[in-house]
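Subject: Structure handover

Hi,

Here is the structure I promised to pass on. Please open it alongside this note. My findings follow below.

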Amino acid sequence: MESIFHEKQEGSLCAQHCLNALLQGEYFTAVDLASFAQQLDEAERERMAEGGTTTAEYQHFLQQPSSNMDDSGFFSIQVISRALEVWCLRLVPVTSQEYLETSEHPTQEQAFICNFREHWLSIRKLGYQWFNLNSLLIGPELISDTYLSLFLAQLQQEGYSIYSVRGTLPECEADGILRISPAVQLERPKLISEVNKQREKDEGRSSDASTGEQSSQEDDPELAEALRISRQENELDDKSLQEALRLSMQGYLENSPHQGQDLMPESSVVSSSVPPSHPTQQTTSHPTKEPDPVDLDELRQRRQAFFERQQTNPASPDKGPPAEPGQDRPHPVENDVSPVDSLPDEDSSREEPALHICIQPSDTYLQLNLLS
C-alpha cells in the first residue's frame, strides 16, 4: 500500500489529485490545468466570434465567467480530457453506447474517473486489485472485484458521472509491486474531514477541561486558597523529609566504625610489656591512687621488731641470695616486715616513699637494706 501514489485534498484541486492518482505520479499542477482551461476558453471564444463580434450572443458570452475553471480550483471535464490527451488517453461515459457495446464487466476495464458536484476521484486497477484513490480519504481504499460493480452502481445512484479511461496508462512502480505481493487492508481508511473533526473534538475537550478548572478556581476563592495551602504544605513536607534524611546520614557517618574506631574503653588499655610483679607500671590512662597516710609510731615499732629478730637469729643474712632466672624470690609475710627505729621526722615527704617501697613483697631484701 505504501507504494501507491495518493494525494490528499488541498483546497478545491480535486481535478489535479484525480489525474495524478490515475497516472500514479505528480504529472500535472494547477497551473498546467489552468493553461488547458484558458486554451479551451479561447477556442470557444473564436467559435462564438464566427457569428459576428457585434451580436448579442457574443457580447453575452464575453460577460460570462469561464466554464472550464473557477477561482476555487475546479476544472471541467473538458480540461481533464485535454490533459489525458497528452498521454493518448480518452474518457468514455459508462452510460454511452460505446461502453455498453465494448465492456462486458467493469473488472475488464483499467480505470474509472468519477465526478459529482465539482468533485473528481479516480478508481484504478493496480496489479490484480482495484483501489479507490479518492483524495478525500486519508489513504487508498482496497476494492474487491465483487464489490467493484456494487460500488460503481452506488456512485451512480448518488448522482456521480462515471467515465471509463481508454488507452494505455503509463507504467508505475505500484503496479509491478502489487502483482508480486497483493495488498491486504484490515481497516477502511477514514475521510479526512472525520479525522479533523475528531481531532478538533479532542482538543476542545482538553481546552474545556483546562478552562473549566481555571474558571472554577476563579469563581471559588476558597477553593483557590485551599489549593494554595495544600501546595505549601506539600513543599514543607518535602523540606522536612530532606532535613530528616540529612540528619540521619550525618548520624550514620558519625557512628560508623571508621569514625569511632579509636574510641575504646580506658579499662581495656593495659600495656602488655609490664610484668605482673610491677602493677604500678600500667598505662597512664588509669588515674594514680595516692597511698594511705601511715602512722610513724607503727612504722618504728615494725622496724624495731625486725632488728630484734635479726639479733635472735644471727645466722640469717641481711640479704637473700639472688633468685635464679625464672624463679620467684621468697615473699615474706606481712609480720616479717618491721619498721626501723628511727625515721627522719623532718622530711615527711620521704616517709611515704619508704612505706610504699616496704609493701612491695617481691623486693623485700633490697627494700630493707635501703631503709637500714
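Start with the helix on the sheet. Helix α7, residues 173–180, lies across β3 (119–126) and β4 (129–132). Its direction makes an angle of about 45 degrees with β3. Bear in mind throughout that this is a predicted model.

Now the sheet itself. Six strands build an open sheet, and their order is β1-β6-β2-β3-β4-β5. The pairing is antiparallel. At the edges sit β1 (90–93) and β5 (141–143), each with pairing on one side only. From one strand to the next, the twist averages 30 degrees.

β1 pairs with β6 (residues 161–166) over four bridges, in the antiparallel sense. Arg90 has its bridge partner in β6, namely Arg166.

Next, the helix pair α2 and α4. Helix α2 spans residues 30–49, and helix α4 spans residues 77–85. Their axes come within 9 Å and cross at roughly 110 degrees. An angle of 65 to 115 degrees counts as roughly perpendicular, so α2 and α4 are roughly perpendicular to each other. The crossing of α2 and α4 is right-handed. From α2, the contact uses Leu33, Phe36, Ala37, Gln39 and Leu40. From α4, Gln78, Val79, Arg82 and Ala83 take part. By type, the residues of this contact are six nonpolar, two polar and one charged.

Asp32 first. Asp32 belongs to helix α2. Is Asp32 buried, partly exposed or exposed? Its relative accessibility is 31%, so Asp32 counts as partly exposed. Between Asp32 and Val79 there are 47 residues of sequence separation. In space, the C-alpha to C-alpha distance of Asp32 and Val79 is 9.9 Å.

Then Asn68. Asn68 is in the loop between α3 (56–63) and α4. Buried means under 20% relative accessible area. Asn68 has 1% relative accessibility and therefore counts as buried. Which residues does Asn68 touch, leaving aside residues up to four places away in sequence? They are Ala37, Leu40, Asp41, Glu44, Phe74, Phe75, Ser76, Gln78 and Val79. Among the residues of the α2 and α4 contact are Ala37, Leu40, Gln78 and Val79, and Asn68 touches these four as well.

Best wishes

Key
Residues numbered from 1 in each chain as written. Predicted model: local features only at pLDDT ≥ 70, side-chain atom pairs only at ≥ 80, totals over all residues. Heavy atoms only, no water. Helix = DSSP H or I, 4+ residues; strand = E, 2+ residues; numbered from the N terminus. Buried < 20%, exposed > 50% of the residue type's maximum accessible area, 1.4 Å probe, protein only. Axes fitted to C-alpha atoms, helices over the stretch in contact; angles between N-to-C directions. Parallel < 35°, antiparallel > 145°, perpendicular 65-115°, else oblique. Left-handed = near helix turned anticlockwise from the far one by under 90°. Contact = heavy atoms within 4.5 Å. Nonpolar A, V, L, I, M, F, W, Y, C, P; charged D, E, K, R; others polar. Pairing = 2+ DSSP bridges.
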